[in-house]
Amino acid sequence: MNTWVKQAREALMQRRSSLRGVPRGNGLEVEERTEQVLERLSERERRELRDIDDALVRIEQGRFGHCARCGGAIGRHRLRAIPEARHCMACSAQAAQAQETSTS
């Protein structure tokens, strides 16, 4: 794993920890606290947490940094700014435009 992927992984792990909180205790107690924290998250925060978890899976599978839509590279600047990004700039713009068109 190269340096920038390690940095992205670390940033994702830190953000995930801040969203989830860090429950202390053991076993069932931790599980119950984790569920309570997740219930308090807004829909946007839950979506961000899912995106972060998905990005961590992509890192483990060696697919991190590749656009889910076109398969091309996601630029390093984009990944540094948004490490959970799934799409390159071009595909992200196309998806946003399609969403705008469908909601108009």
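**Close-up views of a predicted model**

**View 1. Packing of helices α1 and α3.** Helices α1 and α3 cross with left-handed geometry in this predicted model. The contact draws on Val5, Arg9, Leu12, Met13, Arg15, Arg16, Leu19 and Arg20 from α1, and on Glu45, Glu48, Leu49, Ile52, Asp53, Ala55, Leu56, Ile59 and Glu60 from α3. Sorted by class, the residues joining α1 to α3 comprise 9 nonpolar and 8 charged, with no polar ones. The two axes approach within 10 Å, at a crossing angle of roughly 150 degrees. Angles over 145 degrees count as roughly antiparallel, and α1 and α3 are therefore roughly antiparallel to each other.

**View 2. The aromatic pair of Trp4 and Phe64.** The model contains 1 aromatic pair. The ring centres of Trp4 and Phe64 are 5.9 Å apart and the ring planes lie at 40 degrees, so the pair is tilted. This pair connects distant parts of the chain, 60 residues apart: Trp4 belongs to helix α1 (residues 3-20), whereas Phe64 sits in the loop between α3 (43-61) and α4 (76-81). Both Trp4 and Phe64 are buried.

View 3. Cys91 is part of helix α5, which spans residues 89-103. The relative accessible area of Cys91 is 7%; because this value is under 20%, the residue counts as buried. Apart from neighbours within four places in sequence, Cys91 is in contact with Cys67, Arg69 and Cys70. Between Cys91 and Ala68, the C-alpha to C-alpha distance is 9.0 Å, with a sequence separation of 23 residues.

Technical notes:
Residues numbered from 1 in each chain as written. Predicted model: local features only at pLDDT ≥ 70, side-chain atom pairs only at ≥ 80, totals over all residues. Heavy atoms only, no water. Phe/Tyr/Trp six-rings, centres within 6.5 Å; stacked < 30°, edge-to-face > 60°. Helix = DSSP H or I, 4+ residues; strand = E, 2+ residues; numbered from the N terminus. Buried < 20%, exposed > 50% of the residue type's maximum accessible area, 1.4 Å probe, protein only. Axes fitted to C-alpha atoms, helices over the stretch in contact; angles between N-to-C directions. Parallel < 35°, antiparallel > 145°, perpendicular 65-115°, else oblique. Left-handed = near helix turned anticlockwise from the far one by under 90°. Contact = heavy atoms within 4.5 Å. Nonpolar A, V, L, I, M, F, W, Y, C, P; charged D, E, K, R; others polar.
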